[in-house]
Structure formats: structure tokens, C-alpha cells
Amino acid sequence: MLALNETIHQISCTDTLEQNGVAKRKHKHIVETARSLLSSVFVPSEFWGEAIFTTISLTNTIPSSHSSGLSLFEKLYGYIPDYSSFRVFGCTCFVLRPHVERSNLSSRSAICVFLGYGEGKKRYRCFDPITQKLYVSRHVVFLEHIPFFSIPSTTHSLTKYDLICIDHFSEDSSNDTSFYVRSICTHNSAGTGTLLSSTLKDPFSFIAPQASFEIVDPPPRQSIRIHKSTKLPDFAYSCYSSSFTSFLASIHCIFEPSSYKEAILDPLWQQAMDEELSALHKTYTWDLVPLPPGTSVVGCRWVYKIKTNSDGSIERYKAKLVAKGYSQQHGMDYKETFAPVAKMATIRTLIIVALICQ
Amino acid sequence: MAPPPGISHDSGYVCKLKKALYGLKQAPRAWLEKFSIVISSLGFVSSSHDSALFIKCTDASRIILSLYIDDMIITGDDIDGISVLKTELAKRFEMNDLGYLRYFLGIKVAYSPRGYLLSQSKYVADILERARLTDNKTVNTPIKINARYFSSDGLPLIDPTLYCTIVGSLVYLTITRPDIAYVVHVVSQFVASPTTVHWAFVLRILRYLQGTIFQSLLFSSTSSLELRAYSDADHSSDPTNCKSVTGFCIFLGDSFISWKSKKQSIVSQSSTEAEYRAMASTTKEIVWLRWLLADMGISFSHPTPMYCDNQSSIQIAHNSVFHERTMHIEIDYHLTRHHLKHGTIALPFVPSSLQIADFFTKAHSISRFCFLVGKLLMLVAAAS
């Protein structure tokens, strides 16, 4: 067969790896990528096989500068692979249990770790460590920002690191993007950061329009349909186990509220606001008067901030009332402004004079 | 103001503010007024050369307070007076005494036997993180030699916000990093409509900063208290409108206190003219610094040398003969002549190779760049 294709068959000497440089280099690349995949999301090394498969499918679909910006997939099939079906390796996911496994009353999905892509058909390989089962399914809900093996079993082991990982349960999707990027940076040691971001091709355009919580229906094999995503506006705790729910609840009280409506629900913030108001009353900051005709009102809002000590522990909850000064008009509401700002040259001069005159 | 949520009130009623509240446009001004009343009752006078500098001067001693909104530095030779001032201020305002100067406005002040080291390394790290620079590449100089940037280069950025914030941060960083003053002056010209080429340039600056993150400015403790200035200009360096660049730097003893890199507002016809305009702006700064130092109790009996590498502009300053080639130079640029005559400044010549202000007018080769950075007494402090 080789002779038919005008290929000369050569055999290298035993124990002389350097004669087979290309293949060895490729092996090294694959193993190293797989190792960083595993270590970046704390996946135990017994899943090395899955990591290797994932690595291969990723390297085959990532555009490469060696093949003039095309991916190997594209060179072979002539069309761009569907990047939207990629998920973060090692993330938490929920797999719909097959009919045989579930009764009417049992839970319909199993919490699993995402371990790669099924061969051929569009499907995901997910492993449930509790039942020791590997599911190959396309009915999967992903929580891509939570590495499966970073979920603590109890809330006692809360560290700052966990907070960064899971902090983006705010419903504001614009925050999610930045958190997502940061979590990529924190999870991956040097070297793998580039790999994961290139997996997503462009992390910003890919993540931005969606909430971090999505239900994905992978497209059938032949179509190039854009995947559906359903944003869930309200976050339901009930879909998690009890330990995870309490963990989320413990994070929730550390969260800085962005509006009065959120803050009033929490007694800690309420107390902080009472303190600020009583301080303002004590200094007679304002009088309550009827609005004079022909004048406009400047709005105000509460700003909430957690003051931390240098070791990261909470010093106090601070609520501050600020006026919305941006709506003031020059000449009407104020005449002159000035901020007492020292010139930098003055500060430098002062320091030198003080130093020399010591 | 609308009543804040959380207090009970009748509808139709509003809060009539008697005091300034955080966020109002008047707030900082009201604060200064209040602070001025308190501080003047303690015998301090605001300096007329920097309104945020307050000085109390008696026969024997002098206390100086520099205010930056709500942060202040207090110094002086009267230790008892300072502690009295601190207790008085603490009575009127809720404030913390942070002890000796360590951090001020994000600038770290480190003490060493040779003097003080000023650095903003944490701020640099913050900028690098904000720019999402993930690799560890570094470059030796912030700008390629002979690089020219046009406002029309490249494609416009889709989202210019990041460019603007990074450039804004870099402007603040120049407080302790005169080595990027020139490049920051270049990149800030494109803030209105940044393009991909300009962003690549900003990234180069960030790579330079990444390699020199611990570089700090040394204020030597053994230097004299003499002012000396260097003035230079780069004639028609702007590729689009042929305007020249002014660069100057002023030393107090060995320590570097003031510098500028700025495009001139008027096109100059000759390099002499560009130098002459640069000399005028340097003169202004020298005059101001002499006044400021006089406020701090240091007066000068002899003129401040302003080193210049252009013989003919020195001649113009010395010789007030009306000349065909200088007839169009505006009267205000002849400020230099006035101060030269009155003995505020002197104009010695310095060869171009030793002209330090050259640093602020153009891009340099690596060896020249390193030579000039050394001249500015910029040191790499050990990571601490």
C-alpha cells in the first residue's frame, strides 16, 4: 500500500528517538496540553485518557499558523468547524438521565464532570463520580465557570479562591464576562491560558451575549445552525444539592448589593444605612422642606462597600449616601468648582526639601 | 435633593441641603473652604503658588502641609508644632495618622541610606492586569527609534474605552516614571479616535513597563539644594502638522523634580525658533519653582542655569536686537530675555550629547535611552 502511494518505508534504530523527531514532538505537545488541562481544573490524573482525546479534538480544530491560519479540520473537510459546541474541560454539568435509570420521582439529571467530546456524533462525555458512570449524551446543561473538582463539600473550607470562582451568580450578564475572563486567568497556570482562550476562538464574542448559565441543544450533524441558548433570569437554588445551596447562600451575604432594594433585605446592610443616616442627622445635613416651584431635584443613591482588613477579613459594612451631582447644571445649581489638588512637582519638591533639611 | 430611600417623609417634600454631600459638584470646593477656615485659625497661610500648600512660618520654625483632597503630607522642623497641628486637626475632622510617609496617592516611598525611592510598581501591575496582558514579553525601550505615528494609521478600534482608560492610567503613572513621559505624550494624542496601530504602540509601552516594573525615582539625601534646568526642542517632529515638541527637565540638586514633554501650539519656522519657545516654557517653570522653594524657606541668590544646546537661540535671548528672522515671535516668548536680564536664569551651552532634555523630545536608541535614564537617577529597586 505504501509503495502504491509512492512512500518509502523506513525503520528507525532502536532507542534512537531523535530519528523520529516529528512524531515525538507531536506526542510531547499532546501530553503536555493534556497535563495542563488536567491540572488547570484539578481533574485527577486517572482521567488522562479523556484529557488526551479532548486535546486531540481541540488541536485538530484550532486554527494553526503552520497551516496558514486554517485548522486541520478545515483543511480536511473544507468548512469551518462548529466552535459553539465546545465547552470548558472539567467543568460542572448536569446530564439528563436515560429513561431506564429514572423513575417518575427520582431526580432527572445527574451532576457530572465534563470530560470531552464523543467521537463522530455531536455529543458530550460526562462522568458521574458518585455512581461511577460515564454518560455520553447531548442533553447536558453546563456550568462552565465552575470546575467540578473545585466545589467544596462543606462550607467550612471556604477560601477566597472559591469566591472568585463562583462569585458570578449576579444576574448581570455584563459582569459575567469579566469574571469569566478572570477565572480563566486564575485557573490556568502559565501556558494553558492561551490554549483555553484559543479553544473558544474569541472568548469575548463567544461568551458576551449569553448568561453564564445556559441550556444547550447541540446541533445535529449536518446543519450549521447557531446553538440555542436560554437565559434563566431567576436563579433557582432548588436544582442543587443541599450542601451546595448553603454554600451559595454563604456567598450571597458577602456580595455587595448594587441597589437599595437588594440591600434592604439584609439586616447587616440595613444597620450600615441606619448608621450613615444618623451621622447625617447629627450634623444637620438637610432640612425637609416642600419643593420650591421651578426648581429641580438632585437625585441620590446608596453606595455599598465592604471594607476589608489587609488580611481579607471583613472590617465593616459601609453604606454611603451620595448625591447624583452629574445632573446639576452650571449656573443654576452651582457656580464654581475647585478641588484642592497638590501639584505633583510640589509634592516631589516638598519631599526632597524635607529629606535634605532633616 | 430627593429624600433618600430609608427615611420617612411626607410626599412632596425634598431635602434642602445645608452641607455638601459626596457627589455634588460643589463638594470639593466646600471641603476646601471648610479646611481653609480650620487651618487658617491655626496660623497657616495658603501659598499663592500652589493653593493646596499651607505654610505656617515663625521666626524659628516652619511647618508645611500639602493637601490632596483629603490626604495630606505634613512636614517641618518643629516637631512639637506638628503634633499640635495633628491633634487640632483630629479634633475637627475624623482622620487617621498614618505615621511616616510610606504611601501617598498610590506612590510608594521607600527609605534607603542613599535617600528616598519613589515607585508605583503596584500601580503598574494593576495597569498590566487591566490591559489583560498575559504573556511575559518585555522590550528595552518604550518606542522604536525613528517611529512615526499618524492619526490615520490602521483600523479604528471597535471599543476605544480600554485604550482611553489605559492611556489615562499611564498619564498618572508618569508621576514617578519620567522615562515614559514622551511616549505617553504621543499616545494621548490619539485618544479621540484610537486605531489598531496605536493600540499596538500602547501594548509596546506596557511591555516596556513589564520589564521595568520596579524602576523607581531616587531622591538623593546628599545632594545640594540648587536648581538646574535643561531645555530642548525637536523641530517639526509631528508628521502631520509639523509642530515641534518641547522637552524640559529640572533638577533640585541631583533629584529630578519637574519635567515636561509637550507639543508646541504654534508651528516654528526654524529649529532656533522651536528651541526659543521651549526656553520660554522652561523659564516659566523655573520661575514658579523658585517662588515655591522660597515659600518653603529656600531662596536663591544666583541665577538658575538653564542648559540649552542651541547657540543661536541663546544668542537671541541675550541680544534683544530686532532681527528679520525673529520679528514674528510673539512678545510673550521674550519672557526668557526678561528673566535673563533680571538674573533669574542663566543660559550656559551644553553639547547635544549631554542634553538630558533630549529624552523628552524624541525616540532614542537603546544605548542612548539607558544612558539618559541613568542620568535621571532612576534605579531598579529590589522587589520589596
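Here are a few worked exercises on a predicted model with chains A and B.

Before you start, note how things are labelled: residues are numbered from 1 along each chain as its sequence is written, and chains are lettered from A and ligands numbered from 1 in the order in which they are written. As for what counts, local features need pLDDT of at least 70 and side-chain atom pairs count only at pLDDT 80 or more, while totals for chains, interfaces and linings use all residues.

**Exercise 1: confidence**

Find out which element of chain B has the highest mean pLDDT and which the lowest.

*Solution.* Start with the term: pLDDT is the predictor's confidence in each residue, from 0 to 100. Over chain B the mean is 85, and 97% of the residues reach 70 or more. Now go element by element. Helix α4 (residues 161-173) of chain B comes out highest with 92, and strand β15 (residues 378-380) of chain B lowest with 68. Where pLDDT is low, the predicted coordinates should not be read in detail. The model as a whole scores ipTM 0.83 and pTM 0.61.

**Exercise 2: where the chains touch**

Work out which element of chain A gives the largest share of the side that touches chain B.

*Solution.* First, the terms. Two residues are in contact if their C-beta atoms, placed from the backbone, lie within 7 Å. Helices (H or I, at least four residues) and strands (E, at least two) are DSSP runs, numbered from the N terminus.

Next, the count: 50 residues of chain A are in contact with 55 residues of chain B. Several elements of chain A supply at least two residues each to that side, including α5 (173-187), α10 (267-282) and β8 (300-308).

(Nonpolar means Ala, Val, Leu, Ile, Met, Phe, Trp, Tyr, Cys and Pro; charged means Asp, Glu, Lys and Arg; the others, Gly among them, are polar.)

**Exercise 3: a pairing across the chains**

Find the strand of chain B that pairs with β7(A).

*Solution.* Two strands pair if DSSP finds at least two bridges between them. Look at β1 (residues 13-17) of chain B: this strand and β7(A) pair in the antiparallel sense over five bridges. For one bridge, pick A:Val289, whose partner in β1(B) is B:Val14.

**Exercise 4: a sheet in chain B**

Trace the open sheet of four strands in chain B and say which strands stand at its edges.

*Solution.* The order is β2-β3-β4-β5, with antiparallel pairing. β2 (45-46) and β5 (71-76) of chain B are at the edges with a single partner strand each, so one side of each has no neighbour in the sheet.

Now walk along the strands. Two bridges join β2(B) to β3(B), and a hairpin of six residues links them. Across that pair, B:Ser46 has B:Phe54 as its bridge partner. On the β4(B) side, B:Phe54 stands opposite B:Leu65. β3(B) and β4(B) pair over five bridges, with B:Ile55 partnered by B:Ile64, and their hairpin goes through four residues.

**Exercise 5: two helices**

Describe how α1 (residues 21-40) and α2 (residues 48-61) of chain A pack.

*Solution.* The angle is about 115° and the axes are 9 Å apart. (Axes are lines fitted to C-alpha atoms, for helices over the stretch in contact, and angles run from 0 to 180 degrees between N-to-C directions.) Among the residues making the contact are A:Ile30 and A:Leu37 of α1(A), and A:Trp48 and A:Ile52 of α2(A). By type, the contact has eight nonpolar, three polar and no charged residues.
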